[in-house]
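Please read the following account alongside the sequence and the coordinates.

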Amino acid sequence: MILQLQKLRKKAGYKTQGAFAEALGVPERRYQSWEREEAMMSLEQAYNVTELLGCTLERLLREHERERAGYVGIGCAGSRKGHCQPHR
């Protein structure tokens, strides 16, 4: 699960990882590991992140996909790997 946490965090007005981690109620190091994609958050944690960012889970997951070669989706559910269609 690839996320664009830094971009969305800054867009939501949280300038630092520490400020966002504090607002989220998690240790800063844990949040940093999510932003660096070293660890995955639970579904509950992802939901809490979306509440603070003011976005949906789908947007949290798709933000990166939109930036990667114009493809949309979370692994293109329902498709075989490698059969994604470009976003038009």
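A polar contact is a pair of N or O atoms within 3.5 Å; within protein, one atom must be able to donate a hydrogen and the other to accept it, and residues adjacent in sequence count only if both atoms are side-chain atoms. Such a contact, of 2.6 Å, joins the side chains of Glu35 and Tyr31. The model is predicted, so that local features need pLDDT of at least 70 and side-chain atom pairs count only at pLDDT 80 or more, while totals for chains, interfaces and linings use all residues. Residues are numbered from 1 along each chain as its sequence is written, and side-chain values use heavy atoms, with hydrogens and water left out.

The secondary structure of the chain amounts to 5 helices and 0 strands, where helices (H or I, at least four residues) and strands (E, at least two) are DSSP runs numbered from the N terminus. Along the sequence the pattern reads α-α-α-α-α. Of the 88 residues in the chain, 33% are buried; buried denotes under 20% relative accessible area, exposed over 50%, and partly exposed the range in between (1.4 Å probe, protein chains only). Contact means heavy atoms within 4.5 Å. Among contacts between residues at least 6 apart in sequence, 45% join residues at least 24 apart.

Helix H2 (residues 17-24) has as its buried residues Gly18, Phe20, Ala21 and Leu24. Viewed down the axis of H2, these buried residues fall within an arc of 165 degrees, so they line one face of the helix; the arc is that of the directions from the helix axis to the C-beta atoms. The cover over the buried residues of H2 includes helix H1 (5-11), H3 and helix H4 (43-53). After H2 comes Gly25, whose phi is positive, near 80 degrees.

In H3, the buried residues are Tyr31, Gln32, Ser33, Trp34 and Glu35, and the buried residues of this helix pack against H1, H2 and H4. Why does Glu35 count as buried? Its relative accessibility is 13%. Beyond its neighbours within four places in sequence, Glu35 is in contact with Leu5, Gln6, Arg9 and Gln17. With the corresponding neighbours left aside, Tyr31 is in contact with Leu5, Gln6, Arg9, Gln17, Phe20, Ala21 and Val26. Just after H3, Glu37 takes a positive phi of about 60 degrees.

Rings of Phe, Tyr and Trp (its six-membered ring) pair if their centres lie within 6.5 Å; planes under 30 degrees apart count as stacked, over 60 as edge-to-face and the rest as tilted. By this rule there are 3 aromatic pairs. Tyr31 and Trp34 form an edge-to-face pair, at 6.1 Å centre to centre and 80 degrees between the planes. Both residues lie in helix H3 (residues 28-35), 3 residues apart, about one turn of the helix. Ring pairs link Tyr14, Phe20, Tyr31 and Trp34 into a cluster.

In soluble globular proteins, nonpolar side chains tend to be buried together. A nonpolar core is here a set of buried Ala, Val, Leu, Ile, Met, Phe, Trp, Tyr and Cys residues joined through side-chain atoms within 4.5 Å. The largest has 14 residues, and those with the most contacts inside it are Leu5, Tyr31, Trp34, Val49, Leu53 and Leu60. The elements that give two or more residues to this core are H1, H2, H3 and H4.
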